[in-house]
Amino acid sequence: MQKNPLSEGLTAHNTPEPFVIVIFGASGDLSAKKLIPALFSLFTHNHIIDFTIVGFARSRWSSSDFKEKTAALIHNRFGTQTTEQETAEFLKRIHYISAPYDTDEGYTLLKKKFAAQKHLIYYLATPPHMYEPIISQLGKNRLTQSADSTFKIVVEKPFGHDVTSAKLLNSKLLSIFKETQVYRIDHYLGKETVQNIIVFRFGNGIYEPIWNNRYIDHVQITVAEKAGIEMRGSYYENAGAIRDMVQNHLLQLLCMVAMEAPNDLEPDSIRNEKVKVLKALRPITVDSPQPAVIRAQYRAGIIDGEKVKAYRKEDKVDPHSIIETYVCMRLFIDTWRWSGVPFFLRTGKRLSRRLTEISIQFKTPPHLLFGQADSTPISPNTLTLTIQPDEGITFRFNSKLPGFTTKMRAVNMNFTYGSSFAEKSPDAYERLLLDMMLNDATLFTRNDEIEQAWKFVSQLISCFKNDADKNLFFYNAGSAGPEEAHLIMTPYNSTWRKL
Amino acid sequence: MSRELNPAVIENNIISQLRQLSSNNIRTSLFNLLLFYDIKDQGTIEDLLSSIFGKRPARIIHIRNKDADLTNAYVKVRCHADYEQNQVCFQEIIIENGLDNIGIAVGAWLPLCTHDIPIIVIWLCRLIPFEDLVQTFYGIADKIIFCTEFNETKAEDPFAVCLNILKLILSDREHPSHPRLSVSDFTWLKSLPLRQKTAALFDPKDMRSALYDLNKIIISGTRRSVALLYFLWLASRLDWNLIHKDDSQLQFHDHKRDIITVQLADDHRKRIVFATKENQEFTLSWQSLYSSTTDAESMGKTTSRSRPFGAQEQVLRELDSPGPNLLYYNALKKLSLPELSEHE
């Protein structure tokens, strides 16, 4: 049968087929802060029309309780931007199942009430140790197999704890679902500015010719947070900055910057290119030139004029913890394009500001005509892609100071999203949820991507296994990180960008 | 040059008003928006602009016809808070074109456009004299947007209006030396929900064959201009050729040279009735073009799924799409009756 000739040019307005989304962990923070608001916003903007939300959690709530809490949440979050009618319409679509994750009880109910639906989405918003029992129960209760229905599962990070656990989780998932049904979510990829990296690189002709080791001196990727670990002490004690941020967000940003141009925008074309970058990452081992990695932990300090406590004093944190809240490292990608170009990555909590940026520093001119007379070093050209806050792109170049001399000064050419497009981008979760509903997996992580990232990170962590306490530095909360961070840059005559 | 139309004076006035109104920062304009209209249609223009207030900073030049002897001009800056409570400002230059016709001359408004950003023209005037308009915008503007439905309200025949737009597109292709002028029509976007609903109706595989078996379509509850563009879209997608036009209907040949008759019925019910050669009948009905519910009575099935598309979103979408819409161009080309084929 030939395709529908009328559908051409209308695809941009697709709405998902009617679906049921089951949120495991519906009484938790992620559901309240991200998922429900994202679904509500998609609903009010008419991106989703026919749907049912089933909250599934251990909290002993009824459907009325869940509706009541959702109504309060919508009121607090959206206030006057929404109407009572919209809220009422949304609440009509909400149900709740209170049951343990690892017994048949809730799943039997789920099957009875919703298994006849054509499209079922399972969203794992629980603590990660519950993933496996939920997946097993879905399989056991035949909630993933039906000739008349389609099923998808969305898995939140952390996806495993190391390469072994990631492989185990993948194999568990793939014993019940096909890879095309699995959506591993990294909300960073849903951010407009992260997606813009691909548009910026491959939608403009001038950057690709200079996007290589002939012109680029080094790349810095920074994900700095002002926030601490908040209520996640017990999770963070088992994770640390490397597992919490490097394995997913930072390596994803690195892939976006370093990948080759995909042949097209098909999900697998992009993901294939990202996997190639991860495979080409030179492993950091105890034999790597030192220091290749600096780990540190925050002490007490001042943030926004308020005293904040040290990591070791945080709730559910070991007072002698040797977990890092900051890490910086130097990486190399062993490809023709990136040979010899260091990539400097850093991330930390309780730093002086919240900032996510990718900065490409270009090589200085081969023959210095200017800047020698008064020994002023020439400022290198820098292209900075700011992901958050104040999303935008800045190019730094040198300009002549007015006057009779040839003195130079670095100036910035700025593009900020807010100034040009005074419109709020959709929230990352809205974008990712809608993509998933429309079967577009481009912004989701594939199993081999996850495993490659863990392979690199597990090897890195093993370098500190025996003497993690000796290799831990400290920094004051509210500062730019540990003094020792510069040791990573010194051999390359570079400095970290100011925070 | 009239002092009122002196670009330096106008720029100074804009800057001084911007400084008074927007203390945070002066944003970069994304595009020049040239609005051609009659002063009595000011309300329509305000409605249209409301879709980009707080969303797209732009330089807007109003060129409006006024029943006065002399052309005059003044500036206005309007700032609206965006989602972060920063100001998004419109730099507006209002040229009131008098009977001296100075204001409509290219030399009056072109120097006032911000250099090196796109120029988008919205034409909400009658389309005659058309040839002058063509010559004015070739090589200068990036895009011109018409509104056939608006012209219909001014008693202009939608068929004639669309034919003129087609001529503009085809003439533009005779001048390869200048940058292409994209042409679009707000009414085309307005027909989008109808097109979406129709595509959805015939999307199930068991409905697909009926598409090639249609012999009559009757639409009601919509304007002639919307219905015309909708029928032209169907013709282009299904490869029909126009063979006859009169006041009440259009007739096309399908690929088998069978006749398909399409009509706009004088009926307030919002619906489209599709009839096939096998005497089957399918009906699409809706409450509002932008509503999310559609009832489709087809082979005993009822569906109700469609992505509504608000009127304001249409304007923004049109301003954000710089390139030509080939789907629209191909639909317009279906206007060509055999006696008009020299325009092809």
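The model is a predicted one.

**Stop 1: the two domains of chain A**

Begin by colouring chain A by domain. The assignment gives domain 1 as residues 15-156 and domain 2 as residues 189-426 together with 446-492. Between the C-alpha centres of domain 1 and domain 2 of chain A the separation is 35 Å.

**Stop 2: the parallel sheet of chain A**

Next, display the strands of chain A as a cartoon. Six of them make up an open sheet, and reading across it gives the order 3-2-1-4-5-6, with parallel pairing. Select residues 94-98, which are strand 3, and residues 182-185, which are strand 6: these two strands of chain A lie at the edges and have a single partner strand each, so one side of each has no neighbour in the sheet. From one strand to the next, the twist averages 20°.

Now select residues 19-24 and 119-124 of chain A. These are strand 1 and strand 4, which run parallel and are joined by five bridges. To see one position in detail, show A:Val20, which stands opposite A:Leu120 of strand 4.

**Stop 3: two buried serines in chain A**

Select A:Ser149 and show its side chain. This serine belongs to the loop that lies between helix 5 (131-140) and strand 5 (150-156) of chain A. Is A:Ser149 buried or exposed? Its relative accessibility is 9%, and A:Ser149 therefore counts as buried, since the cut-off for buried is under 20%.

A polar atom of the A:Ser149 side chain lies 2.8 Å from the backbone oxygen of A:Gln117. Leaving aside residues up to four places away in sequence, A:Ser149 touches A:Ala115, A:Gln117 and A:Lys118.

Move on to A:Ser288, in the loop between helix 9 (267-280) and strand 8 (293-303) of chain A. With a relative accessibility of 13%, A:Ser288 counts as buried. Which backbone atom does the side chain of A:Ser288 reach? The answer is the backbone nitrogen of A:Thr285, at 2.9 Å.

**Stop 4: chain B as a whole**

Of its 344 residues, 52% count as buried. If one considers the contacts in chain B between residues at least 6 apart in sequence, 69% of them join residues at least 24 apart.

**Stop 5: the mixed sheet of chain B**

Select the strands of the open sheet in chain B. How many strands form this sheet, and in what order? There are seven, in the order 3-4-2-1-5-6-7, and their pairing is mixed. Strand 3 (72-81) and strand 7 of chain B are the edge strands, pairing on one side only. On average, and with direction ignored, neighbouring strands of the sheet are turned by 20° against each other.

**Stop 6: strand 6 of chain B**

Zoom in on residues 143-146 of chain B. Both faces of this strand are covered: B:Lys143 and B:Ile145 are buried on one side, and B:Ile144 and B:Phe146 are buried on the other.

Then show the two partner strands. Strand 5 (residues 119-124) of chain B runs parallel to strand 6 and is joined to it by three bridges; here B:Ile120 has B:Lys143 as its bridge partner. Strand 7 (residues 182-185) of chain B also runs parallel to strand 6, with four bridges between them; here B:Ile144 stands opposite B:Val183.

**Stop 7: the domain boundary in chain B**

Colour chain B by domain, with domain 1 at 3-188 and domain 2 at 191-309. Eleven residues of domain 1 contact 13 residues of domain 2. The two domains of chain B bury about 1200 Å² between them, and 65% of this area is on carbon and sulfur atoms. On the domain 1 side, select B:Glu152, B:Phe159 and B:Trp188: these lose the most area to domain 2, together 54% of what that side buries.

**Stop 8: a hairpin in chain B**

Finish at residues 241-245 and 249-253 of chain B, which are strand 9 and strand 10, paired antiparallel over four bridges. The two strands form a hairpin with three residues between them. One pair to display is B:Lys245 and its bridge partner B:Leu250.

Technical notes. Residues numbered from 1 in each chain as written. Chains lettered and ligands numbered in written order. Predicted model: local features only at pLDDT ≥ 70, side-chain atom pairs only at ≥ 80, totals over all residues. Heavy atoms only, no water. Pairing = 2+ DSSP bridges. Axes fitted to C-alpha atoms, helices over the stretch in contact; angles between N-to-C directions. Buried < 20%, exposed > 50% of the residue type's maximum accessible area, 1.4 Å probe, protein only. Polar contact = N/O pair within 3.5 Å; in protein donor to acceptor, adjacent residues only side chain to side chain. Domains from an automatic or database assignment. Contact = heavy atoms within 4.5 Å. Buried area = accessible area lost by both parts, 1.4 Å probe.
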